[in-house]
Amino acid sequence: MDSKTAIIAGASGLIGRSLTQQLLQSESYGQVIALVRKPLGIQHEKLSEITTDFDALETMEAFPKGDDIFCCLGTTQAKSKDKESYRKVDYHYCYNLAERGLREGASRFFLISSLGAKKGSRNFYLNLKGELEHAISFLNYRTIYIFRPSLLRGDRNENRPGEKFAQFITRIIPFIGPWKKYRPIHADKVVDAMLKVARQEDKGCYFYESEIMRKM
């Protein structure tokens, strides 16, 4: 496979950190460009960082050229004052990234969504993710990969007491039958799945939920 350029947004998050490290180690990518608010603190010959104002993605003058765009952007209720603030990050930033990347010649888009995402859901978060999936699926990329993990496991840089409690509870719940798909998944498993499909030469729009990623 020819050496490609990967562009990643959300490189400081749980999945983004792991993904960045694995992209740097991958022989498939000769360059990794991270769109960041502040430096990641990583030194690597393949890594370039571009300080980015995500409110201005559409008009950003120095948007890089790349083959594959990996979108790991997302916020939390603790960081967002209201639903509009949440929507700005989890919908507009992601969609604007996809749209701008396409204009600049990217051919594949990789999106981290959520298990249960569904446009029209009564749950604000799941509806938002579903709206984003729907909108991005109509963009003219050669390939779109959408990953729907359940509750994520892994070591975060930030403290999320609610999430830690949920992870503890899910460790003692037997996930069997129809509940099996809700088992938490480690962020590294999601990243492994992303890089595995990145080695494929698909065309179209594909969805991967936790149980599929776990088996991969």
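Of the contacts in the chain with a separation of 6 or more, 70% come from residues 24 or more positions apart, a contact being heavy atoms within 4.5 Å. The model is a predicted one, where local features need pLDDT of at least 70 and side-chain atom pairs count only at pLDDT 80 or more, while totals for chains, interfaces and linings use all residues. Residue numbers start from 1 along each chain as its sequence is written, and side-chain values use heavy atoms, with hydrogens and water left out.

In secondary structure, the chain comes to 6 helices and 9 strands; these are DSSP runs numbered from the N terminus, with H or I over at least four residues for helices and E over at least two for strands. Of its 216 residues, 49% count as buried (under 20% relative accessible area with a 1.4 Å probe and protein chains only; over 50% is exposed, and in between is partly exposed).

I7 sits in strand β1 (residues 4-9) and is buried, at 0% relative accessibility. Setting aside neighbours within four places in sequence, I7 is in contact with I33, L35, F63, P64, K65, G66, D68, I69 and F70. The C-alpha atoms of I7 and F109 are 9.6 Å apart, although 102 residues separate the pair along the chain. P64, one of the contacts of I7, belongs to the loop between β3 (47-51) and β4 (68-71). P64 is buried too, with a relative accessible area of 9%. Not counting residues up to four places away in sequence, P64 touches I7, I33, L35, I50 and E104. From P64 to A106, 42 residues along the chain, the C-alpha separation is 9.7 Å.

With α2, α3 packs at an angle of about 20°, the axes being 10 Å apart; axes are lines fitted to C-alpha atoms, for helices over the stretch in contact, and angles run from 0 to 180 degrees between N-to-C directions. That makes the two helices roughly parallel (under 35 degrees; over 145 is roughly antiparallel, 65 to 115 roughly perpendicular and the rest oblique). The crossing is right-handed, meaning that the near helix is turned clockwise from the far one by less than a right angle, with anticlockwise being left-handed. On the α2 side, K83, Y86, R87, D90, Y91, C94, Y95 and A98 meet F124, Y125, L128, K129, E131, L132, A135 and I136 of α3. By class, this contact has 11 nonpolar, no polar and 5 charged residues (Ala, Val, Leu, Ile, Met, Phe, Trp, Tyr, Cys and Pro are nonpolar, Asp, Glu, Lys and Arg charged, and the others, Gly among them, polar).

Helices α1 (residues 14-25) and α5 (residues 187-198) cross at roughly 45°, their axes coming within 9 Å. The pair is therefore oblique, and the crossing is right-handed. The contact involves L14, I15, S18, L19, Q22 and L23 of α1 with A187, D188, V190, V191, D192, M194 and L195 of α5, dividing into 9 nonpolar, 2 polar and 2 charged residues. The buried residues of α1 include L14, I15, S18, L19 and L23.
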